[in-house]
Amino acid sequence: MGNLEMSTGDMRDVIRLLTAVERTPEQDRVLGVARERCAQIDARLEDQGITLDVPVVQALEELLAGSPSADMEPGYRYAFQALVAVNFSDTYDLGYWRRPSWFHTVDEEMTSHGVPADLAPAALLFSGPPIRLPHPGDALPSMSTFPASRAAELVRAYEAVLDRLDPEVRETAQVLLNPMRAEADEWERTKQAGRTEDTIFFWMR
């Protein structure tokens, strides 16, 4: 069970925060916001009765030091998502999914109609983080990235099969299709403006 969100930005900004030897004043400011966000996540998890072996605040510091202390712990993904959140656009809410495994069923039908496997929903949403992180130890939280430059390709692939899909599968495909149409248009504007927001980030928790 999880809530699915997406946002867009330049993943290089996030990686630079993690790897900088000497941070700029702006990076220090952004990192301060991320630390506050991690503390809020820890507080929310505590309110839900969830205790992590590595709290999110600690996980962030360990990622910044390049030395995670655990091989299997969800705190690192929460910490990485906090860094993404302060660098990327506002999130687009893709809804609450009672069974994330449903997306694999959707993949099977969509690929049977010709949608490339790497554009099918589960592949799109659950490909994993863009850097090596300790395993969360469970299905959630999950994250993935997708090139904004391929948004138009995804839109064409989904639109080509939409009328042939089972109604439930079609409904799920449209949940992704509508915002990806907007991302395809935004990518064209981004290129023309010379901006670098080239990564779509998916997050489910």
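These legends accompany views of a predicted model.

**View 1. The whole protein chain.** The protein chain holds eight helices and four strands. From the N terminus, the order of elements is β-α-α-α-α-β-α-α-β-α-α-β. The C-alpha trace spans about 50 × 45 × 25 Å along its principal axes. Of the 205 residues, 46% count as buried. Among contacts with a separation of 6 or more, 71% join residues 24 or more positions apart.

**View 2. The pair F88 and F201.** The whole structure contains four aromatic pairs. In one of them, the ring centres of F88 and F201 lie 6.3 Å apart with planes at 70°, so the pair is edge-to-face. F88 sits in the loop between α4 (75-87) and β2 (92-97), and F201 in strand β4 (residues 199-204), so the pair ties together parts 113 residues apart in sequence. F88 and F201 are both buried.

**View 3. The pair F103 and F126.** This aromatic pair is edge-to-face, with 5.9 Å centre to centre and 70° between the planes. F103 belongs to helix α5 (residues 102-112) and F126 to the loop between α6 (121-125) and β3 (142-147), so the pair ties together parts 23 residues apart in sequence. F103 has 0% relative accessibility and counts as buried. F126 is partly exposed, at a relative accessible area of 25%.

**View 4. The aromatic cluster.** W97, F103 and F126 form one aromatic cluster.

**View 5. Surface and charge.** The accessible surface of the protein chain is about 10400 Å², and 48% of that belongs to carbon and sulfur atoms. The protein chain carries 20 positive and 34 negative side chains. The centres of these two sets lie 4 Å apart.

Technical notes. Residues are numbered from 1 along each chain as its sequence is written. This is a predicted model: local features need pLDDT of at least 70, side-chain atom pairs count only at pLDDT 80 or more; totals for chains, interfaces and linings use all residues. Side-chain values use heavy atoms; hydrogens and water are left out. Rings of Phe, Tyr and Trp (its six-membered ring) pair if their centres lie within 6.5 Å; planes under 30 degrees apart count as stacked, over 60 as edge-to-face and the rest as tilted. Helices (H or I, at least four residues) and strands (E, at least two) are DSSP runs, numbered from the N terminus. Buried means under 20% relative accessible area, exposed over 50%, partly exposed in between (1.4 Å probe, protein chains only). Contact means heavy atoms within 4.5 Å. Accessible areas come from the Shrake-Rupley method with a 1.4 Å probe; for residues, only the protein chains shown count as cover. Lys and Arg count as positive and Asp and Glu as negative; His and the chain ends are not counted. The place of a charge is taken as NZ of Lys, CZ of Arg, CG of Asp or CD of Glu.
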